[in-house]
Amino acid sequence: MGDFEDELNSPLTVRRLHLLLEIRRHASENRHNSADVLWLRAEAMRATDDGDRFLDNDLEALLDRKWIFYEKASGPVTDVTITRVGLDVAEEFEHYRSDPRKRAQAARSSVLQWLYDEYLQGSNSPNISRFSTSTYGAFYGSEFTEGEIVQATRHLRDQQLIQGKAAMGGPIVRPQISPYGIQRIEHEDKPAAVVASERASVTYNYHFNNDGPVNLANNSPGAQQSITLTTTQINDARMATSAFSQTLPILGIPEERQAEAKQVITELEEETTAAAPQPGRLKSLLNKVVELAVLGTAEGAVGAVISLAEKAIEGL
């Protein structure tokens with residue numbers, strides 16, 4: 001399981017695993033394990049201007065890993081066959097993100113991080129219903145259930161990490177992060193479960209059934225913390241900024257997002273050289289780097305940029 005968990009550190013891999021799940025879902029209706037991907041292509045193009053290119057790149061990556069098979073031709077791919085290896089990988093991913101223990105831990109960590117972000121933005125006791133539609137409302141793209149949220153909020157209150165009253169048999173309706181909860185967030189590395197929820201939100205996921213619209217979620221708290229950053233934290237942010245700036249011409253980010261990428265680089269350079277860089281703003285901008293980089297097609301460069309950006313984010 002360790003190697004598989006390591007693979008989930010890559011947003012590109014997570015995106016392609018979601019695609020594999022969709023292919024498996026449709027292939028299960030065909031005894032030959034084949035799936036028509038024309039519907040996928042149509043939905044991908046509807047979701048983003050460059051969706052067609054994303055799909056072709058992802059299908060080729062699945063082919064290279066022998067998770068699917070199709071004959072390469074001059075035209076667009078119309079149908080694919082999921083292989084035995086692909087079926088095993090899809091089953092492993094589905095089992096991983098459905099594991100009750102991992103989901104319970106993820107729900108607790110994610111609710112607490114969500115409340116911390118809300119606190120930074122001046123919302124001290126938000127309605128818990130907003131959690132489900134937030135960046136943190138899912139574990140690798142699989143939404144937390146109402147029961148999981150109820151258990152998470154009650155556990156956090158029992159641990160004195162949050163405060164609030166619970167409805168009869170329900171969650172803490174308007175939870176508020178406690179001083180102890182704030183201290184826990186600010187003095188510990190971000191739990192892997194929270195990173196997983198964030199990663200799913202900045203990945204171009206393939207959910208074309210009843211899972212809602214397909215888009216790129218923007219995790220941008222936009223809040224500022226009055227915390228003095230260490231030299232290491234600032235240097236990590238600068239390294240991520242430099243890597244994004246230097247590789248931008250070869251990352252393969254869509255042309256219509258290039259101006260946005262350059263603006264993010266400019267703002268990061270200004271913030272990292274400021275007299276007192278703000279952690280909240282740096283985190284917001286670095287999350288934007290991840291969001292934009294994952295759109296690229298140059299896997300090696302994309303992976304390097306995302307790795308540096310995530311390292312900087314986790315250090316803030």
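In helix 3 (residues 38-47) of this predicted model, Leu40, Arg41 and Ala44 are buried, that is, under 20% relative accessible area with a 1.4 Å probe and protein chains only, whereas exposed means over 50% and partly exposed in between. Seen down the axis of helix 3, its buried residues fall within an arc of 100 degrees, so they line one face of the helix; the arc is that of the directions from the helix axis to the C-beta atoms. These buried residues pack against helix 2 (11-27) and helix 4 (51-64), contact being defined as heavy atoms within 4.5 Å. Helices (H or I, at least four residues) and strands (E, at least two) are DSSP runs, numbered from the N terminus.

Residues are numbered from 1 along each chain as its sequence is written, and side-chain values use heavy atoms, with hydrogens and water left out. As the model is predicted, local features need pLDDT of at least 70 and side-chain atom pairs count only at pLDDT 80 or more, while totals for chains, interfaces and linings use all residues.

The protein contains 13 helices and 7 strands, and 50% of its 316 residues are buried. Of the contacts with a separation of 6 or more, 65% are between residues 24 or more positions apart.

The largest nonpolar core has 49 residues, of which Leu8, Leu20, Ile23, Leu59, Ile68, Val80 and Phe131 touch the most other members. Such a core is a set of buried Ala, Val, Leu, Ile, Met, Phe, Trp, Tyr and Cys residues joined through side-chain atoms within 4.5 Å. At least two residues of this core come from each of helix 2, helix 4, strand 3 (79-82), helix 5 (84-98), helix 6 (100-120), helix 7 (146-158) and helix 8 (179-187). Another core, of 29 residues, lies apart from it and includes Ala243, Leu248, Ile253 and Val305. Leaving aside neighbours within four places in sequence, Leu20 is in contact with Leu62, Trp67, Ile68, Ile82, Gly86, Val89 and Ala90.

An open sheet is formed by 3 strands in the order 1-3-2, with antiparallel pairing; two strands pair if DSSP finds at least two bridges between them. Strand 1 (34-36) and strand 2 (68-69) are the edge strands, each pairing on one side only. Strand 2 pairs with strand 3 in the antiparallel sense over 2 bridges, and Phe69 stands opposite Thr81 in strand 3.

Thr241, in helix 10 (residues 231-251), is buried, with a relative accessible area of 3%. Not counting residues up to four places away in sequence, Thr241 touches Ile265, Leu268 and Glu269.
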